[in-house]
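Dear colleague,

I am writing to hand over a structure that is new to you. Please look at the sequence and the model below before reading on.

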Amino acid sequence: MRIDIISVAPDLLESPFNHSIVKRAKEKGLAEIIIHDLREYGLGNYKQIDDTQFGGGAGMVMMIEPIANCIRKLQAERVYDEVIYMTPDAKTLNQSTANTLSLKENILILTGHYKGVDQRIRDVFITKEISIGDYVLTGGELAAAVLVDAIVRLIPGVIGDEQSALTDSFQDNLLSPPVYTRPSDFEGNKVPEILLSGNFPKIDDWRSEKAYERTKNIRPDLLDE
Ligand code: 6GU
């Protein structure tokens with residue numbers, strides 16, 4: 001999979017993709033992540049990328065031409081399955097969206113700053129808008145890093161143990177059950193007996209039960225979906 005990201009703060013996107021699973025995916029050739037500095041497409045000597053909003057009001061708006069020029073240049077090189085805009089005023093990311101996106105060939109991600117981008121960018125170029133939750137970040141870069149991490153680990157072949165991604169929290173709209181490792185007794189806090197029993201069908205049942213219990217207590221909304 002190839003992922004292109006357009007950003008005014010490309011340095012924010014260096015480090016998140018040079019760790020653990022995402023790094024391994026890149027090394028295995030399963031994911032290619034390229035960051036594009038929007039400033040290079042800015043207008044005039046000052047490389048302008050934002051301007052005051054029509055109708056008045058505080059805050060700058062990202063201008064249409066630099067973004068359009070950047071997107072068009074990238075689109076001339078490959079066909080994108082999705083052109084995604086990261087913005088808090090969108091549907092929130094969930095595991096199902098991450099699953100769907102992990103099967104795409106090429107995706108382009110636009111990250112916003114300030115008051116956001118001129119609406120016409122969204123109307124003309126964007127095929128999907130994603131928020132990562134009901135709170136506001138300074139810019140879309142950290143949100144894009146979250147999205148890319150969630151997608152890349154799902155690309156077939158990225159996680160060695162195939163089971164591992166499949167048994168994650170949310171994969172069946174359930175939270176994960178509790179997990180334990182040695183020692184089996186920490187200052188009197190014992191690991192549940194069943195996990196030491198070697199009875200694997202029973203252990204599976206126990207884990208399902210605990211996953212359901214946890215979901216019911218903490219995220220009952222997931223059970224309605
Ligand atoms: Cl995608 N962008 C920004 N700036 N804030 C957010 C967000 C995105 N998702 C949640 N908050």
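The findings are set out here, from the overall layout to single residues.

Please bear in mind throughout that this is a predicted model.

**Layout of the chain**

The domain assignment divides the protein chain into domain 1, residues 2-152, and domain 2, residues 167-224. Taken over C-alpha atoms, the centres of domain 1 and domain 2 are 37 Å apart.

**The ligand and its surroundings**

The ligand is surrounded by 13 residues, and the closest are T87, I132, G133, Y135 and L137. By class, the shell around the ligand holds eight nonpolar residues, five polar ones and no charged ones.

A backbone N or O atom of Y135 is 2.5 Å from a ligand nitrogen. For L137, a polar backbone atom and a nitrogen atom of the ligand are separated by 3.0 Å. S131 takes part through its side chain, with a polar atom 3.3 Å from a nitrogen atom of the ligand. Taken alone, the ligand exposes 290 Å², and the protein buries 96% of that area.

Where does T87 sit in the chain? T87 is in the loop that runs between β5 (82-86) and α3 (95-101). Its relative accessibility is 7%, so T87 counts as buried, the limit being under 20%. The side chain of T87 makes a polar contact of 2.3 Å with the side chain of D89. Leaving aside residues up to four places away in sequence, T87 touches R122, E129, I130 and S131. S131 also has the side-chain atom placed 3.3 Å from a ligand nitrogen.

**I109, a residue in a strand**

I109 belongs to strand β6, which covers residues 106-111. Is I109 buried or exposed? I109 has a relative accessible area of 0%, and therefore it is buried. Not counting residues up to four places away in sequence, I109 touches I3, D4, I5, I6, I84, M86, A144, L147 and V148. I109 and S7 are 102 residues apart along the chain, yet their C-alpha atoms are separated by 8.7 Å.

**Backbone geometry to check**

Most residues other than glycine have a negative phi, and most peptide bonds are trans. The following places depart from that pattern.

- R182 and P183 are joined by a cis peptide bond, with omega at about 5 degrees. P183 is located in the loop between α6 (162-166) and β8 (185-186).
- K47 is not a glycine, but its phi is positive, at about 55 degrees. K47 lies in the loop between β2 (32-37) and β3 (50-52). With 37% relative accessibility, K47 counts as partly exposed.
- E187, also a residue other than glycine, has a positive phi near 50 degrees. The loop between β8 and β9 (189-190) contains E187. Its relative accessibility is 68%, so E187 counts as exposed.

With kind regards

Methods
Residues numbered from 1 in each chain as written. Predicted model: local features only at pLDDT ≥ 70, side-chain atom pairs only at ≥ 80, totals over all residues. Heavy atoms only, no water. Domains from an automatic or database assignment. Near = heavy atom within 4 Å. Polar contact = N/O pair within 3.5 Å; in protein donor to acceptor, adjacent residues only side chain to side chain. Areas by Shrake-Rupley, 256 points an atom, 1.4 Å probe, with all protein chains shown as cover. Nonpolar A, V, L, I, M, F, W, Y, C, P; charged D, E, K, R; others polar. Helix = DSSP H or I, 4+ residues; strand = E, 2+ residues; numbered from the N terminus. Buried < 20%, exposed > 50% of the residue type's maximum accessible area, 1.4 Å probe, protein only. Contact = heavy atoms within 4.5 Å.
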